[in-house]
Amino acid sequence: TEIYTLSLHDALPISRRMKPFPDPILAALEKLDADADSSVYIGDSIHDMKAAHAAGIDFALASWSIPSLDPFNDLQEYTLATPHDVLDLLTDELDNN
């Protein structure tokens, strides 16, 4: 298993609609030749979560930057309390594949 990162800004030239539409995420997946089932989108907004789910990707909530988890209604697949949790998530994903 390999880890790739791609900013959605890299997908802007090939995606007209932005979040909460899934277009930028789908464009990034295509650009990376990545599979949605083995991808995780990390974000800190409802629009991020809606776009990830619309693209068929698990969503990891970067909760250290938001005042409340309430608006997410526990719909996120992962909750990351600190930036270090991103590394833990990626390590766990690598270990499981």
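Predicted model: local features only at pLDDT ≥ 70, side-chain atom pairs only at ≥ 80, totals over all residues.
Visitor: In what order do the elements of the protein run from the N terminus on?

Guide: Helices (H or I, at least four residues) and strands (E, at least two) are DSSP runs, numbered from the N terminus. The secondary structure comes to three helices and three strands. From the N terminus on, the order of the elements is α-β-α-β-β-α.

Visitor: What percentage of the residues of the protein count as buried?

Guide: A residue is called buried under 20% relative accessible area, exposed over 50%, and partly exposed in between (1.4 Å probe, protein chains only). The protein has 97 residues, and the buried share of them is 31%.

Visitor: What percentage of the accessible surface belongs to carbon and sulfur atoms?

Guide: Accessible areas come from the Shrake-Rupley method with a 1.4 Å probe, and for residues only the protein chains shown count as cover. The accessible surface of the protein comes to about 6,200 Å², and the part belonging to carbon and sulfur atoms is 51%.

Visitor: Which elements are included in what covers the buried residues of H1?

Guide: The buried residues of H1 are Pro24, Ile25, Ala27, Ala28 and Leu29. One of them, Ala27, has a relative accessibility of 8% and therefore counts as buried. A contact means heavy atoms within 4.5 Å. The cover of these buried residues includes E1 and helix H2 (46–54).

Visitor: Which residues does Ala36 touch, not counting residues up to four places away in sequence?

Guide: Ala36 lies in the loop between H1 and E1. Ala36 and Ala55 are 19 residues apart in sequence, and their C-alpha atoms are 7.5 Å apart in space. Leaving out residues up to four places away in sequence, Ala36 touches Leu29, Ala55, Gly56 and Ile57.

Visitor: How far apart in space are Ala27 and Ala55, C-alpha to C-alpha?

Guide: Ala27 is found in helix H1. In sequence, Ala27 and Ala55 are 28 residues apart; in space, C-alpha to C-alpha, the distance is 9.9 Å.

Visitor: Which residue forms a salt bridge with Arg17?

Guide: A salt bridge is a side-chain nitrogen of Lys or Arg within 4 Å of a carboxyl oxygen of Asp or Glu. By this rule the count comes to two. Arg17 is partly exposed because its relative accessibility is 41%. In its salt bridge the closest N and O atoms are 2.9 Å apart, and the partner is Asp23.

Visitor: What is the form of the peptide bond from Lys19 to Pro20?

Guide: Pro20 lies in the segment before H1. The peptide bond from Lys19 to Pro20 has an omega near 20 degrees, and its form is cis.

Visitor: Where is Asn73 found, and is Asn73 buried or exposed?

Guide: Asn73 has a positive phi of about 50 degrees although it is not a glycine. Asn73 is found in the loop between strand E2 (58–62) and strand E3 (78–80). Its relative accessibility is 56%, so Asn73 counts as exposed.

Visitor: What is the relative accessibility of Asp74?

Guide: Asp74 lies in the loop between E2 and E3. Asp74 is not a glycine, yet it has a positive phi of about 60 degrees. Asp74 counts as exposed because its relative accessibility is 67%.

Visitor: Which residues form a negative surface patch?

Guide: Patches are made of residues with over 30% relative accessible area and no salt bridge; like charges are joined within 9 Å, and nonpolar side chains (Val, Leu, Ile, Met, Phe, Trp, Tyr) within 5 Å. Lys and Arg count as positive and Asp and Glu as negative, without His and the chain ends, and the place of a charge is NZ of Lys, CZ of Arg, CG of Asp or CD of Glu. Asp37, in the loop between helix H1 (23–32) and strand E1 (40–43), is exposed because its relative accessible area is 71%. The negative patch is formed by Asp35, Asp37, Asp58 and Glu77.

Note on methods. Residues numbered from 1 in each chain as written. Heavy atoms only, no water.
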